[in-house]
Amino acid sequence: MVHRVVRRSVRTGSVRVMVACLALAGCATPAPTAPPGTAEPIPAATARVPATPSPSDRPPDATLAAEGGDPVAAQLGTYTWGESGADSPWLPGSRISVGRGEPLAIAFDRPIGIARWTADYVPAFATDGSGAASLGRGGGPPLFPAPAAGSWTLVVTVRFAGDAGEARYFWRLEVF
Amino acid sequence: MTRPFRPTSPFRAATAAVMAALIVTLAAMPVAAHGPDPILGSSLWPQDQSVVYRWRSGAEPPAALKTAIRDAADDSNATRASRAAIYTYGASGTSLVGYGTGTCGVNGIGCFTRSAPDSFTMWLREHGRVFDWGTLRWCQMMTNPANGCYDAETIALDEFGHVEGLNHHLNYADDRDYTDAVVQTYSRTRPSAGFDMHRYGVCDIATLQIRYDIPKASSPYSRCLDLVTILTLGVNDSAIPYGAAVTFKSVLKVASDADYGRLAGNGVSSRTVRLQRRAIGATSWVTIATLAQTTSAGTYSATMGLTDTADFRAVFTASSSEGLVGDTSPIVRVTVAPCSPAQCPLPIIGV
C-alpha cells in the first residue's frame, strides 16, 4: 500500500450505540451503499461520468436536517466532478439550528452512491479548517451527531461512488 | 432556512444520548488521512508532454494575473519532480486560460476542465467580485496586499495540479499537514501559513510520481510515499579457489505493487547499498564495503578477493528524506577452497 493505512477499531462497549446508530440510518457502514430509493448499489466500475462535462455537470446539492426539522440547503464549496472542478474559499455555511447530540442526516437532490464521507466542525467565523474536530466519517448516507452547544461551521466532505467526484458542503450550526 | 427551537421529547432526548455516545466512539477512531493526493480523472498527459496554453480571447487576465499564472506554470514545471506534463505559454496554444465571470460555480474563485491528452481550460474569477462569502481580492491586484487576499499564483498552481490529474489532498482533520499539498480543498488567505505556496507539496508530488514516474532512476521519491523496496544480492561464483576474486552484484528496485503505478519495479540508483559479511558460526554482521553504482539502473557491485568461506548480504538503509522503505537482501554464501601450501598464511611463531 502506498498510503499508511490506519485500521479502525470499535470498542465492544459501543455495540449498543452502533446498533442504535444502524437502526437510525445505517451510519458509518464501511462499504458503499445504495442511496435512498435506489434498489441496487451503484457499482464502482459502471458509474460513469461524461469525459467532457458540460457546465451544468457538478455535484448534487445537499441538504442537512435534524430529526423532524426542515432540511437546509448547503453552501457548495470546492468540488471536482468528472474531469472538471472548482476551488472555493472556506465558507461560512447555511444557517441551521439543532439540538446538542441530535442525529443529523444529509440528503442529496438526486440518487447517487456515496463512497465515503467525513464531517468536521470548527467554531463559527473561523477562516479555515485549522483545528477542526471530527463528528464522524464512513460510507453510505452521512449521519452523525450534532456537536456541543455553540455556534459552529460544519463541513461535510463527500466522495461519490464510481469516482464521479467529490464535494464539500458547508452549514453554520447553531446548537442549543 | 432556520429551524425554530423545539422542546425536547423523550425520544429525541434518548436519540441525542445515543448520538452523544457515538461522538465518543467516533472520536476514539483513528483518523485515516494524509497520503498522496487522490487521483483525478482517468486520462493522463503523455510523460513530459508540453501543453501549450494561451489567454482566452475576450477574457484575458489583467497583466498582474497573467504574470502570476505564468509563474504558476513555471512553478509546476520546476517542482513536479516527475515526468508530468510541462506547461508553456504560446499564442497558438489549444488550452485556454480565462479571467472573469467564467463558470466556477456559485462560490468558486478558480476552476478547470481537463481533456488530456489534448487540452485544458482554466478560469480565475474577477478581482472585486462580491460573493455570499465575501469579496474576492487577489493579492497580485493590490498595491499593498491586505490580509484576506488570495495569492493568484498559488490558486493557479492548484488548478495546474488538477489539470495534471491531482485531486484534493486529504488532510488530517486539524489541517496540520496543510502545507504538504498545494492542491487543497480550500485555499488559505494572506497571511495564513500556506497561502502563498509556489511549489508542489510532497503529497502532490507523490501522486505525480505514481502517475507519471520519476525523471531518473537517481531521482528522490516523495516523502509522502512509503514504497517497499526489494534488494537482491548475487555473486558471479559461489565456490571459488582460495584468494580468488568474486564479484557481488546487488539490485535495488521498488516493489511491484499495483498501487505504486509507474513506480512499480523501478530500479533505484545512486543510493547507498552496503555489503555485509558474517563469518561462519558468527552471529554479527560487519560492513565490509559500499557497493558501487553501475551504469544499469538500480544495480550496484563490488569485486574483492576472498580467503574464507562466509555469508554475505546487501543492506539498503532508507533515508528519512524520501519515501522508500529500506531492505536487506537474502543471504548469499561464498565457499572458499582451502589454501594450498604456497598460499596459506605463515603461522605466527611465538617468541
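Two strands pair if DSSP finds at least two bridges between them. The exercises below apply that rule to a predicted model.

**Exercise 1. Find which strands of chain A pair with strand 11 of chain A, and in which sense.**

Step 1. Start with strand 10 (residues 150–160) of chain A. It is joined to strand 11 by 10 bridges, and the two run antiparallel. One bridge links Trp152(A) with Leu173(A).

Step 2. Take strand 3 (residues 75–81) of chain A. Five bridges join it to strand 11, again antiparallel. Here Tyr79(A) has Ala167(A) as its bridge partner.

Step 3. Turn to strand 5 (residues 94–98) of chain A. It pairs with strand 11 in the parallel sense, over five bridges. Ile96(A) is bridged to Leu173(A).

Step 4. Leu173(A) is the bridge partner of both Trp152(A) and Ile96(A).

**Exercise 2. Describe the hairpin of strand 10 and strand 11 of chain A.**

Step 1. Four residues lie between the strands.

Step 2. Check the backbone. Gly162(A) takes a positive phi near 70 degrees.

**Exercise 3. Decide whether strand 11 of chain A is mostly covered or mostly open.**

Step 1. A buried residue has 20 or more other C-beta atoms within 10 Å of its own.

Step 2. In strand 11 (residues 165–175), 10 of 11 residues are buried. The strand is mostly covered.

**Exercise 4. Judge where chain A can be read in detail.**

Step 1. The chain averages a pLDDT of 74, and 68% of the residues score at least 70.

Step 2. Over residues 1–56, pLDDT stays under 50. Where pLDDT is low, predicted coordinates should not be read in detail.

Conventions:
Residues are numbered from 1 along each chain as its sequence is written. Chains are lettered from A and ligands numbered from 1 in the order in which they are written. This is a predicted model: local features need pLDDT of at least 70, side-chain atom pairs count only at pLDDT 80 or more; totals for chains, interfaces and linings use all residues. A residue is buried if 20 or more other C-beta atoms lie within 10 Å of its own, exposed if 12 or fewer, and partly exposed in between; C-beta atoms are placed from the backbone. pLDDT is the predictor's confidence in each residue, from 0 to 100. Two residues are in contact if their C-beta atoms, placed from the backbone, lie within 7 Å.
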